[in-house]
Amino acid sequence: MTKRHQPAIYNIAAHGGFADALAQGLIDRFAKDPLGLARGLVILPNNRARRAVHDAFVRLSEDGLLLPQMVVIGDLELDESIGVALDRGELALDIPPSIDPLDRLLMLARLIESESAARGRAILSKEALRLAREFARTLDQLTVEEIALKELFDIDVEPDLSSHWQDSLAFFRVIAEKWQAKLGEMGVVDEATRRNALFNQTVKAWKAAPPDHFVVAAGITTSAPAIARFLRAIAFLPDGMVVLPDLDMVMDDEEWEMLGPFAPDPETGKTKRAQETHPQYHMKLLLERMSIARAEIMRWPRTGTSGAAAKRSRALSHAFAIPKLTARWQSLEGKDRSLAGVQLVEARHSAEEAQIVALLAREALEVPERRVAIITPDRGLAGRIAVHLERWMISADDSAGQPLSKKPQGIFFLALLSAVTDGFPPAEFLALLKHPLVRAGDERREWLTQVRKLDLLMRGPRQAPGLSGIDSLFESEDYRTKKRRQEVLPWWQEVRAIFAPAEKALGGAINWAQMLAEIRELADMLTGGQVWAGPAGRQLADFLSDMEDRAALGPINIQPREIASYFETFLAAIPVRPPYGGHPRIAIYGLLEARLQQADLVICCGLNEGSWPQAITPDPWLAPMVRKSLGLPAQERQIGLSAHDLVGAMGAQNVVLTRAKRDGSGPAIASRFLLRLKAMCGDNLKEHEFAANWARRIDRPDELIKIEQPAPSPSAEQRMVKLSVTEVDRLIADPFAFYAGKIMGFKSLDMIDDEPSASWRGSIIHDILDKWAKEDDYDPDALKRRAEAFLSDRSSHPLMRTLWAPRLMEGLIWIAETVARQREEGRAPIISEQKGTATIAGVELSGRADRLDRMPDGGIGIVDYKTGKPPSNKAVKEGFALQLGLLGAIAEKGDFDGLSGKASGFEYWSLAKKGGDDNFGYIDSPTNPRSSQRIEADQMVDHAVTEFTTAINRYILGDEPMTAKLHPEYAPYGDYDQLMRLEEWYGRAPDPAAGEGEHE
């Protein structure tokens, strides 16, 4: 073979269809000999690119081909290793092995955690893990750029840094020095170091003895010095070729030189800032490190059939001009700003954007053999699109996969950790017990039956932490839950025994190995091994196995409540991909995976700032000034890479660009790339004519059905129910709510882990006052002791012990003092929390009186305790608050366990403040003579019975419909709003899209 004196470097433009053009060009050149291709070596950037080129060869082979060997240089960002062809044989014998990535991460985290503690700044284990990832990334950048660690110690920039960055730099130096010493002790190197050595060894070997077959490096854009030397060596091989993707050959030489990088000014020593955010900057840097001029690059002889017109590449080159040259947009001719085949869609919000993208992809599949690529860096948007595609039973091949933390197995595992380490809080614990993987199979139905009963017991404010806190629920004296507690107790004792070992293992100082074993065994026991099934399950099992093998490298001083978030950091970084791919003609790509891919329709989604380009994450270790002094790439270079990805994606024949005007946090800002395209192209960037309307119409019914105010009419038999005094007010104000709760039996439930509600606080107060009455005979000092005991009980809700404690104490003391004073005046409490019954208007009516007093005149006083503001006199007079009057009617027409008589007092005792008074506690009565809405005491019972009889004759004995929210001003509760579909008929605004134009 003769030595080549001119480099063989080619370019395939963005509109050229890289994979097809590369494959066709190699077929034309080497496939004349049946073994011509098979003898060659094609080097590609990553596994996705290898698959794309492989598929291109398959599409273009007519009678079959023996394909060349295809290997990848690997990608640290994608956790891909160098292909075997470049990492084998004698070349690799003298290079130390690389440290395992998980070992590296855990060891760095321990090192950072211990050094932080030594510096008197102890950090959480999760934070140490995050810093370890960032440290490894920065260290790899130093290695890739071939910046020796010594240079980190030689730079003298501390005086210009803030104290924070000075500390950070000093800490980085300490960790880096100790890490290098540790690697030396172990006889290993970092993966980036080994990669550089492998490339250098390969270059050296090929220069000494060039391969006897062709070697093609295709699609590689990494500008690392070692890779630049590697590509240069290939370009000068006798049968070597380098094929670059998307190099801008349209840009004039003047602009090309303005990109940088620049040498320091010999007089001032200052360096002009390079255009690192430009999509061609890293390509220019690569060529300079290869010592290759752009003029030496040749056009690849073939073009792919799926590419766009060449004029689009010219327009994109102009659109991404450096800021100084954008003024020339005004003088561009139409052909130089043409984006024919590119359409824009701006959705109202991200949910609509996902719907639009799915519809566009579905439409494209109507054309036989048409391929669709959906490209977005927004993983949340990608997930939404995939779900929408499932409407048509399309499983899109998402190359980035889903994080293990979002798969059922990962969700279960994290829920298990959260429940055990956080003291079994109700929401997390019930979510764990109800998870589909738990007790999957024949026993799941019975399991869920018992879990639902436990769910009902755990509703309301949170119980005390730990399994003992749940045990306390079964020690309650609440008569309403007695039957349910008895039913579920045997099952709970079995479940408790399952969780007790894990709770014990996390009760004190954590033994990392024991904790991992206990959690793994608990997960296996709960799911019957199902948690380890499938791709996600196998990855979870492998991960836990790896962590158990490295138990000695676990965190130094982790707290139980950190464990779930610590593991979530790992699981979120483990992608789970389907083993057999998805639909053959639709794929969803991230930016890295999309490089060199081809499709007939490319949809670039999420073109908003913070998404594309993604927000720049600052280096937590090295200040920008330090990075610049060392010669590290600026963090902003990622913007240029994102721009290059967009240009490459827009090389397809048909392209749709989409963005949402709003995201979950509010209005969104359009991507700077999209704004450039719109500014340069103007009307040449066409909006998609129908896409937005398709998305708005797909879920809109052909005919909008108007929902009328619900008014069910139960049968006479259904209406004959027993009533309590508290249900009468609801019957009158909101008959539908009465119908739903009393006739249909739909009981409202407290929220899980709810804040203490007014009714819950009321129940606590009633319980304290009832025990005070029955056990302490209204002794004022005893009531105070009971309140103090309740507030000091650690099992009570913390809000009760802190925020509500002062008003509770003052209110109860006021009650005790008022009762004592009234007893001296001749008014004596008789009964507390007593149920009474009476038949009124032909219906059995029951009620529970909070307290009944014997008044000085011999009559009965009705007392109702309130924690808040009592009903207004107006509500009582208008018949919407009849409780006191109806309790008086029961006293007169029935009895309270043998007690009956004339009702002469009707009072609300409120523990709240009244008006501008600073004291807690006051008495309010509908019979107050100073009220303009008062009712005379001797008319209270008659008034209540009259209103009650009217309601009974209408709704119970009559056939009047149970109308929803009949008197909404007296029906503020919303227990049944969803059932009555309140938002669909009450004050509903017209559909804003109803008058929009429609397109077929």
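Strands β13 (residues 601–604) and β14 (residues 654–660) pair in the parallel sense through four bridges, and V602 stands opposite V655 of β14. Strands here are DSSP runs of E with at least two residues, helices are runs of H or I with at least four, and both are numbered from the N terminus; two strands pair if DSSP finds at least two bridges between them. The model is predicted, with local features requiring pLDDT of at least 70 and side-chain atom pairs counted only at pLDDT 80 or more, while totals for chains, interfaces and linings use all residues. Residues are numbered from 1 along each chain as its sequence is written, and side-chain values use heavy atoms, with hydrogens and water left out.

Strands β13 and β14 belong to an open sheet of seven strands with parallel pairing, in the order β9-β12-β8-β13-β14-β7-β17. Its edge strands, β9 (397–398) and β17 (686–687), each pair on one side only. Helix α13 (residues 379–389) lies across β8 (372–375), β9 and β12 (586–589), and runs at about 165° to β12. Contact denotes heavy atoms within 4.5 Å; axes are lines fitted to C-alpha atoms, for helices over the stretch in contact, and angles between N-to-C directions run from 0 to 180 degrees.

Six strands form an open sheet, also with parallel pairing, in the order β3-β2-β4-β5-β1-β6. Strands β3 (69–72) and β6 (298–299) are its edges, each pairing on one side only. Strand β1 (residues 9–12) pairs with β6 in the parallel sense over two bridges, and N11 stands opposite R299 in β6. Helix α1 (residues 18–30) lies across β1, β2 (41–44), β4 (215–218) and β5 (240–245), at about 160° to β5. Helix α2 (residues 47–60) lies across β2 and β3, running at about 160° to β3.
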